[in-house]
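Subject: Structure handover

Hello,

Below is the structure I said I would pass on. My notes on what was found in it follow.

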Amino acid sequence: LNLKEPDGLKIFRQLVERHQHAVIGTVAKMLGNASDAEDIAQQVFLRIWRHAKRYRPEAKFTTYLFTITRNLVFNETRRKGRKKEVSADEREETSHQLAEASPDRQPDAEVLQAELQGAVDKAIAQLPEAQRMAVVLRRYDQLSYEEIAVVLGLSVSAVKSLLFRARTALRESLSGYLSQ
């Protein structure tokens, strides 16, 4: 990846255009914050630009891209601390967000789908960091077990084990929705 060539800037622009949505989506799923996701995605592409000589063409570019993404997300997670403090007022505000069930009112499919998606996102956000990254890369970015193993620096069997534990935890977290 020689970005110093005359077409280097054009190539870089194409890389950003092709992959920015996947990077932003992955970061947003990991951090749960859209503005942070855009900032981290920008850092990912800056790092690719600055360290273009380190990329080896025999490696798949998306694996290289998501490895950088993983490193920056994990750094950001550690920087902010895994659990942020939530005030009692904030807890009360968010606890009343779901509409109360009423026998004379049936929510439509869109509302149910949005509620389920919110529950899934919340359950994924509660997974340990490595499990969460593996789930996001598999589910939303459609990376293979082998690619996830490279991104996370693990063996394929360790990735399979991570995903198994993550799916088990998600099944438990979402059991209320799955039994309906």
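A residue is called buried when its relative accessible area is under 20%, exposed when it is over 50%, and partly exposed in between (1.4 Å probe, protein chains only). By that rule, 33% of the 180 residues of the chain count as buried.

This is a predicted model, in which local features need pLDDT of at least 70 and side-chain atom pairs count only at pLDDT 80 or more, while totals for chains, interfaces and linings use all residues. Residues are numbered from 1 along each chain as its sequence is written, and side-chain values use heavy atoms, with hydrogens and water left out.

Confidence

The pLDDT is the predictor's confidence in each residue, from 0 to 100. Its mean over the chain is 81, and 81% of the residues reach 70 or more. Over residues 85-105 the pLDDT is below 50, and this stretch has 5 contacts in the model beyond near neighbours in sequence. A contact here means heavy atoms within 4.5 Å.

Overall layout

The chain has 9 helices and 0 strands; helices (H or I, at least four residues) and strands (E, at least two) are DSSP runs, numbered from the N terminus. Among contacts in the chain with a separation of 6 or more, 63% are between residues 24 or more positions apart.

H1 against H3

Helix H1 (residues 8-31) packs with H3 at an angle of about 35°, and their axes are 10 Å apart. Axes are lines fitted to C-alpha atoms, for helices over the stretch in contact, and angles run from 0 to 180 degrees between N-to-C directions. On the H1 side the residues that meet H3 include Leu 15, His 19 and Val 23, and on the H3 side Phe 61, Leu 65 and Phe 66 are among them. By class, this contact has 11 nonpolar, 5 polar and 1 charged residues. In that count Ala, Val, Leu, Ile, Met, Phe, Trp, Tyr, Cys and Pro are nonpolar, Asp, Glu, Lys and Arg are charged, and the others, Gly among them, are polar.

The core

A nonpolar core is a set of buried Ala, Val, Leu, Ile, Met, Phe, Trp, Tyr and Cys residues joined through side-chain atoms within 4.5 Å. The largest one has 42 residues, and Val 44 and Ile 48 have the most contacts inside it. Its largest share, 8 residues, comes from H3. Leaving aside neighbours within four places in sequence, Val 44 is in contact with Val 23, Leu 65, Ile 68, Thr 69 and Leu 72.

H3 (residues 61-80) also holds Thr 67. Thr 67 is buried, with a relative accessible area of 19%. With neighbours within four places in sequence left aside, Thr 67 is in contact with Val 150 and Val 151.

H6 is mostly covered, as 8 of its 11 residues are buried. Glu 129, Arg 132 and Leu 137 are among the buried ones. What covers the buried residues of H6 includes H1, H3, H5, H7 and H8.

Two loop residues

Gln 142 lies in the loop between H6 and H7. Its phi is near 50°, a positive value in a residue other than glycine. Gln 142 counts as exposed because its relative accessibility is 58%.

Arg 54 is in the loop between H2 and H3, and is exposed with a relative accessible area of 58%. The C-alpha atoms of Arg 54 and Tyr 64 are separated by 9.9 Å, and these residues are 10 apart along the chain.

Regards
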